[in-house]
Amino acid sequence: MIAKIEQLLREVEALEAGNAEEVEALRIKYLSKKGAINALMADFRAVPAEQKKEVGMRLNELKTKAQEKIAALKDAFDSQDTHAGDLDLTRTAYPVGLGTRHPLSIVRSEIIDIFARQGFSIAEGPEVEDDLHVYTKLNFAADHPARDMQDTFFIDVNEQDVTRNIILRSHTSSVQVRSMEHAQPPIRIICPGRVYRNEAISYRAHCFFHQVEGLYVDKGVSFTDLKQVLLLFAQEMFGPDTKIRLRPSYFPFTEPSAEMDISCNICGGKGCPFCKHTGWVEILGCGMVDPAVLDACGIDSKVYSGYALGMGIERIANLKYRVSDLRLFSENDVRFLREFEAAY
């Protein structure tokens, strides 16, 4: 038995390997469950009692030296692999393709740029809001349908005090309210952001979407100022030949209120299925800020006036890129996103 141990010990001390695979083969040969050293361990039971102590010590010495030798060989090759890893020979020779900007980000940046050139600055606010800033200070009646559970996502409902209800904002007008609370005119801001409404998801509606709203409050602001800003925006976004028209409408926070149409950028106003053969496409709502809203935000409506406007970014993207299904904007389909590689 001792002679076998001595022979294996000499073999272990002389072990060499040319690569990591050979190291693994040596480990299996000597240290695995069916390896040479474990075979000697099995024969240990037949050793006479008076020799067990010496044989056991020699077996442990053999196993320890075998483990150390194979570990040293393995470490040598692992060190070589670490240096070789600086160069990845499996990497493709072609340049790695870059990602693209999302179409909504492209349109959002265009809208912001157009208004920035007219003196508007960006204002942002929280997406988790309270009823006070989303509805009450914007002149929504206490029984207005927008406050219902089927239209608004409520997070915490306080039956005792409706103004403290915690909700997901349904429009970015809440940012306008916060801006008017903390600043005095002149105020000229745009408020881009994501909003939420409790709607069934379909090709034409979603439970979340994106808006850009604008606000200008100062002395002597008129509807004429609003119309000029809207005309410039439409022509910058859709082309210099774009025409606009304003139709009377109603919003709780503006008076008078209007919806703005642009001449269809597909048929040039001649009439097509996209514009339902009217030659016009609605893109935003607007109006003069209701004096009650100004007063609620701490601005004297007898001294100052202002206008507000709001549009859906998805709506503008639909018109600009003719995307027929709103769900495509949020599904992150790479095939769809790659269509916008040259859009910026």
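Reply: A pocket here is an open set of grid points with protein on both sides within 12 Å along at least five of seven lines, and lining residues have an atom within 4 Å of a point. Please keep in mind that this is a predicted model.

Me: Understood. Which residues line the second largest pocket?

Reply: Its lining consists of His-102, Leu-104, Ser-105, Arg-108, Glu-124, Gly-125, Arg-169, Pro-192, Gly-193, Arg-194, His-210 and Ile-313. The elements that contribute two or more residues to this lining are H5 and E5.

Me: And what volume does the second largest pocket have?

Reply: The volume of the second largest pocket is about 160 Å³.

Me: How many cavities of 30 Å³ or more are there?

Reply: The count is one cavity. The largest cavity has a volume of about 50 Å³. Its lining is made up of Leu-138, Ser-173, Gln-176, Met-180, Leu-215, Phe-253, Thr-254, Val-289, Val-293 and Ala-308.

Me: Which element gives the largest share of that lining?

Reply: Helix H7 does, with three residues.

Me: Then let us stay with H7. Why is H7 described as largely enclosed?

Reply: Helix H7 covers residues 173–182, and seven of its ten residues are buried, so the rest of the structure largely encloses it. Buried means under 20% relative accessible area. The buried residues of H7 are Ser-173, Ser-174, Val-175, Gln-176, Val-177, Ser-179 and Met-180.

Me: What covers the buried residues of H7?

Reply: The cover includes strand E2 (128–130), helix H6 (131–134), E5, E6, helix H9 (291–296) and E10.

Me: Several strands have come up now. In what order do the seven strands of the open sheet run?

Reply: The order is E1-E5-E6-E10-E9-E8-E7, and the pairing is mixed. At the edges are strand E1 (121–122) and strand E7 (244–251), each of which pairs on one side only. Helix H5 (residues 103–116) packs on this sheet and touches E1, strand E5 (187–196), strand E6 (208–218) and E10. The direction of H5 makes about 165° with that of E5.

Me: Starting from E7, how many bridges join E7 to E8?

Reply: Seven bridges join the two strands, which run antiparallel.

Me: Is E8 mostly covered or mostly open?

Reply: E8 is mostly covered, with seven of its ten residues buried.

Me: And why is E9 said to be largely enclosed?

Reply: Strand E9 (residues 280–289) has eight of its ten residues buried, so the rest of the structure encloses most of it. On its E10 side, E9 pairs with strand E10 (residues 305–312) in the antiparallel sense over five bridges. Gly-285 has Gly-310 in E10 as its bridge partner.

Me: A change of topic: where is Gln-211 found, and is it buried or exposed?

Reply: Gln-211 is in strand E6. It counts as buried, since its relative accessibility is 10%.

Me: Which residues is Gln-211 in contact with, leaving aside its neighbours within four places in sequence?

Reply: The contacts are His-171, Thr-172, Cys-191, Pro-192, Gly-193, Val-195, Arg-197, Met-311, Gly-312 and Ile-313. The C-alpha atoms of Gln-211 and Gly-310 are 6.9 Å apart, although the two residues are 99 residues apart in sequence.

Me: One last item, the cysteines. How many disulfides does a search of the whole structure find?

Reply: The search finds zero disulfides. Cys-297 is in none, and the nearest cysteine sulfur to it, that of Cys-191, is 12 Å away. Cys-297 is buried, with a relative accessible area of 6%.

Methods
Residues are numbered from 1 along each chain as its sequence is written. This is a predicted model: local features need pLDDT of at least 70, side-chain atom pairs count only at pLDDT 80 or more; totals for chains, interfaces and linings use all residues. Side-chain values use heavy atoms; hydrogens and water are left out. Buried means under 20% relative accessible area, exposed over 50%, partly exposed in between (1.4 Å probe, protein chains only). Helices (H or I, at least four residues) and strands (E, at least two) are DSSP runs, numbered from the N terminus. Two strands pair if DSSP finds at least two bridges between them. A disulfide is a pair of cysteine sulfur atoms within 2.5 Å. Contact means heavy atoms within 4.5 Å. Axes are lines fitted to C-alpha atoms, for helices over the stretch in contact, and angles run from 0 to 180 degrees between N-to-C directions. On a 1 Å grid over the protein atoms alone, a cavity is a set of points where a 1.4 Å probe fits but cannot get out, and a pocket is an open set with protein on both sides within 12 Å along at least five of seven lines; lining residues have an atom within 4 Å of a point. Grid points are joined across faces, edges and corners, and a volume is the space filled by probe spheres set on the points.
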